[in-house]
Amino acid sequence: MIAALAHFITSVISALGYAGVAGLMALESACIPLPSEIILPFSGYLVSTGRFDLWMVALAGAIGCNLGSTVAWAVGYVGGRPLVERWGRYILLDQGELVLVERFFARFGAVTVLVSRVLPIVRTYIALPAGIARMNFWTFQLYTFVGSLPWCLGLAYAGLRLGRAWDSSPRLQSFMHGFTLLTGLAILIFAAWYARKLWRDHHPRRRDA
């Protein structure tokens, strides 16, 4: 599974360049499970080969985050809480998590969008409560971009450093192969848990009278 996902991501980036980076990050920010932890480090690796520029990768990623987050913001803005409650389980956002994110947003206000963009997982979903709360569109765009840029730059830079060290460090290669296996196992466990969660949501157990 991880090999297929990584192959898809790397193929899109290889074929479309910066547009591929932006498009994949847009999907990730629109709550589609495409990990930026694969998208941006691979783009950073291409920086080490001379194909990409580091800052252009970071900018493309941040622009993609704005595009995808705008879709999620619009869903929250137009559909409100009922729409998110109905379909949220398909993006792993249950009632308890929605309440938690809403409370966090209500307490800290619009700055929540800025801070959350550098937090794994949370960064993907924060646009929904921002839309539900009718956060100003341009403030949302500004905070999303400013918060996303360091995240994209950091992951791309990590990929750049790994790319430069790859050929000269057998120990790094061995470590990364082991890490890939562990990541693949984690994704399989996650997929099984997600399938079980969807099954239980659609087939609740009948309670005895």
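The legends below describe several views of one protein chain, taken from a predicted model.

View 1. Of its 209 residues, 39% are buried, and its accessible surface comes to about 12,100 Å², of which 68% belongs to carbon and sulfur atoms. When contacts between residues at least 6 apart in sequence are considered, 76% of them join residues that are at least 24 apart.

View 2. The mean pLDDT of the protein chain is 77, and 66% of its residues reach 70 or more. Among the elements of the chain, helix 2 has the highest mean pLDDT, at 92, whereas helix 10, which covers residues 170–202, has the lowest, at 56.

View 3. In soluble globular proteins, nonpolar side chains tend to be buried together.

**View 4. The surroundings of Ile 13 are shown in detail.** If residues up to four places away in sequence are not counted, Ile 13 touches Gly 20, Val 21, Leu 24, Ile 39, Phe 42, Ser 43, Leu 46, Arg 51 and Phe 52. Among these neighbours, Gly 20, Val 21 and Leu 24 are buried residues of helix 2.

**View 5. Helix 2 is seen along its length.** With 12 residues at 1.5 Å a residue, helix 2 should span 16 Å, and because its end C-alpha atoms are 16 Å apart, the model agrees with that expectation. The buried residues in helix 2 are Gly 20, Val 21, Ala 22, Leu 24, Met 25, Ala 26, Glu 28 and Ser 29. Just after this helix, Cys 31 takes a positive phi of about 75°.

View 6. Leu 67 has its place in helix 4, while Met 25 is one of the buried residues of helix 2. The two residues are 42 places apart in sequence, and their C-alpha atoms are 8.5 Å apart in space. Leu 67 has a relative accessibility of 52%, and therefore counts as exposed.

**View 7. Trp 73 and Phe 140 form a stacked aromatic pair.** The whole structure contains 6 aromatic pairs, and in this one the ring centres of Trp 73 and Phe 140 are 6.1 Å apart with 25° between the planes. The pair links distant parts of the chain, since Trp 73 lies in helix 4 and Phe 140 in helix 9, 67 residues apart. Trp 73 counts as buried because its relative accessibility is 10%, and Phe 140 is also buried, with a relative accessible area of 1%.

**View 8. Phe 137 and Trp 138 meet edge-to-face.** The ring centres of Phe 137 and Trp 138 are 4.9 Å apart and their planes stand at 80°, so this pair is edge-to-face. Phe 137 is partly exposed, with a relative accessible area of 28%, whereas Trp 138, at 64% relative accessibility, counts as exposed. Together with Trp 73, Tyr 77 and Phe 140, these two residues form one aromatic cluster.

Technical notes
Residues are numbered from 1 along each chain as its sequence is written. Side-chain values use heavy atoms; hydrogens and water are left out. Contact means heavy atoms within 4.5 Å. Buried means under 20% relative accessible area, exposed over 50%, partly exposed in between (1.4 Å probe, protein chains only). Accessible areas come from the Shrake-Rupley method with a 1.4 Å probe; for residues, only the protein chains shown count as cover. Helices (H or I, at least four residues) and strands (E, at least two) are DSSP runs, numbered from the N terminus. The expected span of a helix is 1.5 Å times one less than its number of residues. pLDDT is the predictor's confidence in each residue, from 0 to 100. Rings of Phe, Tyr and Trp (its six-membered ring) pair if their centres lie within 6.5 Å; planes under 30 degrees apart count as stacked, over 60 as edge-to-face and the rest as tilted.
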